[in-house]
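Here are some notes to read with the model open beside you. Take the points one at a time and find each place in the structure as you go.

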Amino acid sequence: MNDCLDNEIIIEKFDHEGRGIGYIDGKITFVDGTVPGDRVSVKIVKNKKNYYIAKVIKILEYSNFRIKPDCPYFNFCGGCDLQYINYENQLKFKEMKVREILNKFANIDESRIKNIIKSDNKFFYRNKLTFQVKEKIGLFAKNSYDLINIDKCLIASFKINEVLIKIKKIIDLKNIEQVIIRNSFYNDKVMVIFVGKNIDINNILKLKEIIDSLYIKTDDEYKLISGEAYLEEKLGEYVFKISPDSFFQVNSKMCVKLYDKIIEYGNFKKNENVLDLYCGTGTIGIYISKFVKNVIGYEINKYAVIDAEENKKKNLVDNIRFVCGSSELVFENITNNINVIIVDPPRSGLNQKTIDGIINVKSCKVIYVSCDPVTLARDLKKLQIFYEVVEITPVDMFPNTKH
């Protein structure tokens, strides 16, 4: 086999990153931009000891799973990975991904993993998008820092797309590196954050009549230029403050389904104390507060804790307390009897001290919200020293992407 020659292969399945998998002379080959069932001519671009990475030269026969993407930028933009297969097959891929990873790395039986909860909207669901600026405004190309000049993103909200067009028409992009647009589905208000140095404020103020909240961000410092200091979003019966640097789930409607699943799994009692780790701005703790006796939320970001306190007051919740501190130090200060622990860590998952603390508390129940099945599997394997994994439900928060 000559690496320089084209090789014809049939794509058999997806890997966990959404790449097609085929075989050349029995050696596993990863091919981006292909779908199971495609027959393709490929060229090897990397020859590793145990696998090849190849790129498509020509699609010889299209898979029955393949559909025409709705987005005109799909073949260039790095934002979406799976828009060229229908939504039902996207869900099958994601469910399979969770099952395989958790079985392989944590030995969790597939019967424990339930059907994926699908998204109500395949498009226009994101309430936040970061646009890149290099003389023009757009999104990065796939696996590249090359800029794709776009007029519309199909997974961003309608309002975000409207604002993008306004910015392209009236804003001088000089000294601007990024433009972050946030949109509240609750009242359709918009926050725009211009990131860069020596940005002309008068230039930005051209938007003040149509944008509810205008910020400039320089060196991690946010400066309010015009309008309201924050947005509000509603989840269920609760309204939450969103500051310019607040973490908030980008799919608001699916966030409600996620939090409802937490309530279902919690099966909370009115005499129970709940420990909410990585609580951010307090959304989960406040959402479950009426079902339990007390909630203690821990969060290392002091600004998030300030927002959490305001959210608590805004929603008239009096049985939750927020503490600014690292999750690994929580267990040195716990004096209450903890019945349920909820964790919603970043993609990196839990560190060993936090895992040890969770095991030592010996609460009746742990509910783990994860955005990465690999780190989830790693952590569940360790937690199984004391806890039994009862049930896992994937939730599709990001349709048309591999996430």
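1. Let's start with N198, which is exposed in this predicted model, with a relative accessible area of 70%. You will find N198 in the loop between β11 (190–196) and α3 (201–204). Its phi is near 60°, a positive value in a residue other than glycine.

2. Now look at N400, in the segment after α9. N400 also has a positive phi, near 70°, and is not a glycine. Is N400 buried or exposed? N400 is buried, with a relative accessible area of 3%; the cut-off for buried is under 20%.

3. Helix α9 spans residues 373–383, and its buried residues include T375, L376, D379, L380 and L383. An α-helix has 3.6 residues a turn, so residues three or four places apart point the same way. What covers the buried residues of α9? Among the elements that do are α1 (87–106), α8 (352–361) and β20 (365–368). At the start of α9, a side-chain oxygen of D372 comes to within 2.8 Å of the backbone nitrogen of V374.

4. Strand β20 also belongs to an open sheet of 5 strands, ordered β18-β17-β16-β19-β20 with parallel pairing. β18 (320–324) and β20 stand at the edges with a single partner strand each, so one side of each has no neighbour in the sheet. On average, neighbouring strands here are turned by 15° against each other, direction ignored.

5. Within this sheet, β16 (273–277) and β17 (294–299) pair over 5 bridges, and D276 stands opposite G297 in β17. Helix α6 (302–314) packs on the sheet and touches β17 and β18, making about 165° with the direction of β18.

How values were computed
Residues are numbered from 1 along each chain as its sequence is written. This is a predicted model: local features need pLDDT of at least 70, side-chain atom pairs count only at pLDDT 80 or more; totals for chains, interfaces and linings use all residues. Side-chain values use heavy atoms; hydrogens and water are left out. Buried means under 20% relative accessible area, exposed over 50%, partly exposed in between (1.4 Å probe, protein chains only). Helices (H or I, at least four residues) and strands (E, at least two) are DSSP runs, numbered from the N terminus. Contact means heavy atoms within 4.5 Å. A polar contact is a pair of N or O atoms within 3.5 Å; within protein, one must be able to donate a hydrogen and the other to accept it, and residues adjacent in sequence count only if both atoms are side-chain atoms. Two strands pair if DSSP finds at least two bridges between them. Axes are lines fitted to C-alpha atoms, for helices over the stretch in contact, and angles run from 0 to 180 degrees between N-to-C directions.
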